[in-house]
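Reader: I would like to understand the terms used for this model, and what each one rests on. Please show the structure and then take my questions in turn.

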Amino acid sequence: MTVTAIAQDRGIATLILDSPANRNALSADLVRELSEALNAYAEDPGVRAVLLTHTGTTFCAGADLRQPPDPAAFTGLLRTLIELPKPVVARVTGHVRAGGLGLLGACDISAAGPGASFAFTEVRIGVAPAVISMPLLPRMDPGAAARYFLTGERFDAAEAARTGLVTLAAEDVDAALEPVLDGLRRSAPGALAETKRLVTAKVLDILDRQADTLAARSAALFASPDAREGMTAFLERRDPAWTL
């Protein structure tokens, strides 16, 4: 299993990305298991919200280059997160890279701790943040998105909060999430679902219009000569041929 569910705590269901061997990378298995767990919670009247967190020092390392998910399956996971009638809250205390940032951006609320770091590393392995741009570009400051998408630079939790990538940065993530989770527990389930529908309408419109095109573009990029060189260099722990 790559995703672990733990007992609900007063209506909050916790899902843990639990594949430390590959730093919780987006393998085909993880994408499938996470989608199945979320869909089960959609129909559970006892679940008010979902808390998504992780084991180890990495929230999600991006696509698993040894067992990558189909771009359409990953797009489907993002849609599941966004369309879920229950709010999804991300708790991040580790590193987030590439496709993991799309996973994070599809959550409704997110909190990151001092051990968190972020980077859009796609350009450094010869691809582009195509599919993940759909939930992220409406959320992030445009100038910051342009900088970090294009350069692959690493940045911290405070910068992630400043740019709109995460909702809040805090020294104590659990303390910071207490009022958030308390607020969700005090909210009527139907009202939460309708309110989430309001705040996600723009992203869902983008998904409806662009998902197929961007999934196809992503698949083409992963099959390109640049991607083959970039992924090989990554796995061999060397600089790709284009590095100056």
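**Terms and the values behind them**

Reader: Why is Ala98 called buried?

Author: Ala98 has a relative accessibility of 10%. Buried means under 20% relative accessible area, exposed means over 50% and partly exposed lies in between, with a 1.4 Å probe and protein chains only. Ala98 therefore counts as buried. Ala98 is found in the loop between strand S6 (95-97) and helix H3 (99-105), and its phi is near 45°, a positive value in a residue other than glycine.

Reader: What do the values and numbers refer to?

Author: This is a predicted model: local features need pLDDT of at least 70 and side-chain atom pairs count only at pLDDT 80 or more, while totals for chains, interfaces and linings use all residues. Residues are numbered from 1 along each chain as its sequence is written, and side-chain values use heavy atoms, with hydrogens and water left out.

Reader: Why is Arg23 called partly exposed?

Author: The relative accessible area of Arg23 is 41%, so Arg23 is partly exposed. Arg23 sits in the loop between S2 and helix H1 (28-42). Its phi, near 55°, is positive in a residue other than glycine.

Reader: Why do Asp64 and Glu159 count as buried?

Author: Asp64 is at 11% relative accessibility and therefore counts as buried. Glu159, at 17%, counts as buried by the value of its relative accessibility too. Asp64 lies in the loop between strand S4 (58-60) and H2, whereas Glu159 has its place in helix H6 (residues 157-163).

Reader: What is Asp64 in contact with, leaving aside its neighbours within four places in sequence?

Author: Asp64 is then in contact (heavy atoms within 4.5 Å) with Asn22, Ala25, Leu26 and Ser27. Asp64 and Leu30 are 34 residues apart in sequence, and their C-alpha atoms are 9.6 Å apart in space.

Reader: How do you know which strands form the open sheet, and in what order?

Author: Strands (E, at least two residues) and helices (H or I, at least four) are DSSP runs, numbered from the N terminus. Two strands pair if DSSP finds at least two bridges between them. Six strands form the open sheet, in the order S1-S2-S3-S5-S7-S10, with mixed pairing. Strand S1 (3-9) and strand S10 (168-169) are the edge strands, as each pairs on one side only.

Reader: How many bridges join the parallel strands?

Author: S2 and S3 pair over six bridges, with Thr53 in S3 as the partner of Ile16. Strand S3 (residues 49-54) and strand S5 (residues 88-92) are joined by three, and there Leu51 stands opposite Val89. S5 and S7 have four, and the partner of Ala90 is Ser110 in S7. S7 and S10 have two, with Ala112 opposite Ala169.

Reader: What makes S3 a mostly covered strand?

Author: Six of its six residues are buried. Ala49, Leu51 and Thr53 are on one side, and Val50, Leu52 and His54 on the other.

Reader: Which helix lies across the sheet strands, and at what angle to S5?

Author: Helix H7 (residues 173-185) lies across S1, strand S2 (12-17), S3, S5, strand S7 (109-112) and S10, and runs at about 175° to S5. Axes are lines fitted to C-alpha atoms, for helices over the stretch in contact, and angles run from 0 to 180 degrees between N-to-C directions.

Reader: What makes a set of residues a nonpolar core?

Author: Its members are buried Ala, Val, Leu, Ile, Met, Phe, Trp, Tyr and Cys residues joined through side-chain atoms within 4.5 Å. The largest has 56 residues, of which Phe118 and Leu165 touch the most other members. Apart from it lies another core of 11 residues, among them Ile12, Ala49, Val180 and Leu192.

Reader: What span is expected for helix H9 (residues 201-222), and where does H9 bend?

Author: The expected span is 1.5 Å times one less than the number of residues. With 22 residues, H9 is expected to span 32 Å, and it reaches 29 Å from its first C-alpha to its last, which is close. H9 bends by about 60° at Gln210; the bend is the angle between axes fitted to the seven residues ending there and the seven starting there. What covers its buried residues includes helix H2 (71-83) and helix H4 (133-136).
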